[in-house]
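Reader: Could you walk me through the contacts in this structure? I am new to it and shall ask as I go.
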Amino acid sequence: MKKTIIAVALTSLITGAAQAATVYKADNGDNVKVYGGAEVGGTFVSDTDKTPFGPDTTFVDDSFATIGLKGQTGDFYAKFELDGERQDWTKDNNMRIIIDKAYVGYNVTKGHSIEFGRTDTAYDHVDAFGDVTNELGLGISEAGDQDSTIKYRGKFGNVKVGISHSVEGWDGDTDDAGHPVKYSYETDSLFGQVTNGYIGYYGETFTVIAGAEEGDETSIYSLHGEVELGKITLAGLVFDETKNFDKGSDTNEVGVNLGGKYAMTEKLNLLANVNYSDSDAFADEAYFGVVGAEYRYASNVKLAAEVAFGDVLKGAKDANKKKTTESGALAYLMAYYWF
């Protein structure tokens, strides 16, 4: 499961929510607020042999929760956030509570800010732009939240930019060669330093964004777009991503995610997309599609359902010890609530 993408999606929703509870507010506007949210649900897998739990169940619980404090004094602001999330998708399906964010920011001028601490990297704000799905569409594995990060975001008319640099990320165990041990981390920070950013044009009906990331174990370049045509929204993203998690050996993936949404009513959207992946880690290219719907019950409540079909299941390694995919289906059901 793409837990980083799930966390980012919910964080984006919470950031824009007006339901945060005000704990303190001064006459001059200084304030402290409590916010939070939860998403309950997960993914059904068509073949029980392809789940982390074997034949015991076809359902993989992917529930998640977050709660935090945010405050502002003059042009300074700060945020502290805790997440309850899956540490791994093994048979134990362990849960953990982590510090997801702890940073201080400063509004330099209107539309321009800087932040320092454990926060989203700049690229994290746009990496999923162009993906109309809530979970099952092909996505980018960028740095996400990072420790010791300094970030700038600015707006120049219809052009928005962001850039960040993270000094050090990994806080888990390493092996004898000094490489990260899978599932040993206490946060989801990457190993070593990472720099990323984006630049985008945000029009009334058309948006295009270019993003990039370079680091000790990552190199990503992507292009994202979206156009609104009345009730129809067409969107997509393409990316070239190289990772070297596997003891220093590079793995490259080229991916394409193209789709659209149709607003049937003010609250109900139908969505569909097609996805293509060509990865060095797999023996063959992968093709799959996603169809689904999302219903906005209230401004802070959303219900989502998606089905992915095609090359979505992991197969056995081939004679060259490369991973393979198998045809199958995934069904994703999730209820989102935030305040």
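Reader: Is lysine 101 buried or exposed?
Author: Lysine 101 is buried, at a relative accessible area of 1%. Buried means under 20% relative accessible area, exposed means over 50%, and partly exposed lies in between (1.4 Å probe, protein chains only). Please note that this is a predicted model, in which local features need pLDDT of at least 70 and side-chain atom pairs count only at pLDDT 80 or more, while totals for chains, interfaces and linings use all residues. Residues are numbered from 1 along each chain as its sequence is written, and side-chain values use heavy atoms, with hydrogens and water left out.

Reader: Which residue does lysine 101 meet in a salt bridge?
Author: The partner is aspartate 145, with 3.5 Å from N to O. A salt bridge here is a side-chain nitrogen of Lys or Arg within 4 Å of a carboxyl oxygen of Asp or Glu.

Reader: How many salt bridges does the structure hold?
Author: The structure holds 10 salt bridges. One of them joins aspartate 147 to arginine 118, where the closest N and O atoms are 3.0 Å apart. Aspartate 147 lies in strand β8 and arginine 118 in strand β7 (residues 112–120), so this pair ties together parts that are 29 residues apart in sequence. Arginine 118 counts as buried, at 6% relative accessibility.

Reader: What about lysine 243 and glutamate 213?
Author: Their side chains meet in a salt bridge of 3.9 Å, N to O. Because lysine 243 lies in strand β13 (residues 232–246) and glutamate 213 in strand β11 (residues 206–215), the pair ties together parts that are 30 residues apart in sequence. Lysine 243 is buried, with a relative accessible area of 8%, and glutamate 213 is buried at 1%.

Reader: Let us change topic. How many aromatic pairs are there?
Author: The count comes to five aromatic pairs. Rings of Phe, Tyr and Trp (its six-membered ring) pair if their centres lie within 6.5 Å; planes under 30 degrees apart count as stacked, over 60 as edge-to-face and the rest as tilted. Among the pairs is that of phenylalanine 44 and phenylalanine 59, with centres 4.8 Å apart and planes at 45 degrees, so the pair is tilted.

Reader: Which strands hold phenylalanine 44 and phenylalanine 59?
Author: Phenylalanine 44 lies in strand β2 (residues 31–45) and phenylalanine 59 in strand β3 (residues 59–61), so the pair ties together parts that are 15 residues apart in sequence. Phenylalanine 44 counts as partly exposed, at 36% relative accessibility, and phenylalanine 59 is partly exposed at 27%.

Reader: And how do tyrosine 276 and tyrosine 287 pair?
Author: That aromatic pair is tilted, at 5.2 Å centre to centre and 50 degrees between the planes. Tyrosine 276 lies in strand β15 (residues 268–279) and tyrosine 287 in strand β16 (residues 286–298), so the pair ties together parts that are 11 residues apart in sequence. Tyrosine 276 is partly exposed, with a relative accessible area of 21%, and tyrosine 287 is partly exposed at 48%.

Reader: Which ring does the charged end of lysine 70 sit over?
Author: The charged end of lysine 70 sits over the ring of tyrosine 35, 5.5 Å from its centre. The rule asks for NZ of Lys or CZ of Arg within 6 Å of the ring centre and within 35 degrees of the ring normal. The charged end of lysine 302 sits over the ring of tyrosine 336, 5.1 Å from its centre.

Reader: One last topic: where is serine 166, and what does its side chain contact?
Author: Serine 166 is in strand β9 (residues 159–166) and is buried, with a relative accessible area of 0%. A polar contact of 2.7 Å joins its side chain to that of threonine 149. A polar contact is a pair of N or O atoms within 3.5 Å; within protein, one must be able to donate a hydrogen and the other to accept it, and residues adjacent in sequence count only if both atoms are side-chain atoms.

Notes:
Helix = DSSP H or I, 4+ residues; strand = E, 2+ residues; numbered from the N terminus.
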